[in-house]
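Trainee: I am new to this structure. Could we go through it by question and answer?

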Amino acid sequence: MTTYEQVLAKLPAEIVVLDQDIIGGYTTDFRKKYTGKSPALLRPRSTEEVAEIVKLCNEHSVALVPVGGNTGYCGGTTPDDSDEQLLISLQRMKKIREVDGDNLSITVDAGCILSEIHDAAAQEKLMFPLSLGSQQSCQIGGNISTNAGGVSAIRYGITRDLVLGLEAVLPDGQILSNLSPLRKDNRGYALHQLLIGAEGSLGIVTAASLRLFLPASSRVSAFLAINDISDLIPLLAKAQQYTGEAITSFEYISNTSLELLLAKKPELRRPIAEPAKHFVLIEAATSSPILPLDQAIEAFFEDGMSEEMIVDGAIASSEQQRLDFWNLREHIPEGEVLNGGSVKHDVSVRTSDTARFIELGTALVDRFGRGARLSIYGHVGDGNVHFNVLAPAGVNASMFLEEISTEVSPRIYDLVAKMDGSFSAEYGLGQDKLSLDQTYGDPIKRNLMRKFKNVLDPREIMNPGKVVSSRNVMSDEKEVQCL
Ligand SMILES: Cc1cc2nc3c(=O)[nH]c(=O)nc-3n(C[C@H](O)[C@H](O)[C@H](O)COP(=O)(O)OP(=O)(O)OC[C@H]3O[C@@H](n4cnc5c(N)ncnc54)[C@H](O)[C@@H]3O)c2cc1C
């Protein structure tokens, strides 16, 4: 009997899936960049069952790979090809444990789909603001483990800012119950923060207490066209001045991103007839029944037009038009896929440097030439740019993109580093960005992460090969003699 078979033999049969047709749905990542093998998918029904699984895996040194909605972009859920790593999914753990309206908090099982949490909050006339294009399939456990960002981070922060407490099973099978939804709690280290963004490498998140907010009583969206990229961030400042703190999204879309999408999906409505180089989807919302948000946005719009920062635009006049704007934004990644795929660069710089990064990055791609197409979009209100390069139409995309990866990507990442930015803004490291971490990451931080991993998971059973590279850190150790 192999070691993983010894683990499986001790588990209740109802939580073990051996059918390779089902397992196959989890062994390739969302982008179809990584494929591995696994002999079994484990589907526990409770935190205690998760603890039992982890304890057995630890005893037998069997690796466990947590899978959420499998919408991650860095291959974090894909097992290796040894066919010995077990997959674990919390898809049966979907309870809304508590909604406390007066405390503005909700406590949920980690297997809840993000949109289910939106619905549960809405039933109590409250709102959970984390909002991603994948929200119909990603799980809150995955959001927490990737520290997801999304389209409302400019107002409400990223996942880390929305988590009040966590319950997690640590790599030795102990349950860390840090679920308290207290707003203030300074009893020592905030250990739950360590698990946020850990991509399953330090344990399995089984439940979370999250912050809720009052829902918007009015909301205004506008699709704006601009021609001069240097107007981008001043326009954000202007919008903030006019609306107070009401801006919830400030999403940049390059003309190429929009045209790539509309060419393949003509049924999506073009929001503005006038051609332009850049577009911004802006949204403001308030729960105050007093603030006249529509007047504030109209005044901002007129001011932006009179200063020729905005060349054209449309303020949504109905909920349907607002949804149409967002529909376009959310389909931009699909537009890239339908045009042969892209080499993605999920990067961030200071918000004040965003326009300059877009200009300098575009110049780098132009210098490479050969018809490479650039799709740029993202949550630029928080400095997060998705800077993606596509092959020209009619060219073998996979060969071309390979060349982009080797010849253009390093220059883009060099530029990000020079601007003190991050080579991973919101998708994490997974297995995809480990080599970037070696080149651009901080060796002291990498070494400390390795040490935490060794303390919590000495047998390296939790999602090995992701986030922190292999156990051998001698070169880092030499680099970091102060530790
Ligand atoms: C159309 C689309 C739009 C997207 N938009 C955004 C966006 O705006 N912002 C953004 O940040 N991301 C975005 N993403 C990426 C992705 O949706 C997020 O990273 C999301 O948080 C992943 O959640 P998931 O449940 O799918 O996790 P998975 O992909 O299943 O897992 C991600 C990582 O978390 C680990 N993990 C999963 N569950 C647990 C758990 N319970 N305990 C411990 N570890 C666990 C996995 O092992 C893996 O390492 C988008 C993806 C798509 C397809």
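This is a predicted model: local features need pLDDT of at least 70, side-chain atom pairs count only at pLDDT 80 or more; totals for chains, interfaces and linings use all residues.

Trainee: Which residues of helix H10 are buried?

Mentor: Buried means under 20% relative accessible area, exposed over 50%, and partly exposed in between (1.4 Å probe, protein chains only). What covers the buried residues of H10 includes strand S11 (247-254) and helix H12 (319-338). In H10, residues 255-264, the buried ones are Ser257, Leu258, Leu260, Leu261 and Leu262.

Trainee: Is Glu84 buried, exposed or partly exposed, and why?

Mentor: Glu84 sits in the loop between strand S3 (64-67) and strand S4 (86-89). Because its relative accessibility is 49%, Glu84 counts as partly exposed.

Trainee: Which helix gives the largest share of the nonpolar patch?

Mentor: The patch consists of Tyr189, Leu191, Leu194, Ile444, Leu448 and Phe452, with about 580 Å² of accessible area together. Helix H8 (191-195) and helix H16 (443-456) each supply at least two of its residues. The largest share, 3 residues, comes from H16.

Trainee: What is the relative accessibility of Phe452?

Mentor: Phe452 lies in helix H16. Phe452 counts as partly exposed because its relative accessibility is 40%.

Conventions:
Residues are numbered from 1 along each chain as its sequence is written. Side-chain values use heavy atoms; hydrogens and water are left out. Helices (H or I, at least four residues) and strands (E, at least two) are DSSP runs, numbered from the N terminus. Contact means heavy atoms within 4.5 Å. Patches are made of residues with over 30% relative accessible area and no salt bridge: like charges are joined within 9 Å, nonpolar side chains (Val, Leu, Ile, Met, Phe, Trp, Tyr) within 5 Å. Accessible areas come from the Shrake-Rupley method with a 1.4 Å probe; for residues, only the protein chains shown count as cover. A salt bridge is a side-chain nitrogen of Lys or Arg within 4 Å of a carboxyl oxygen of Asp or Glu.
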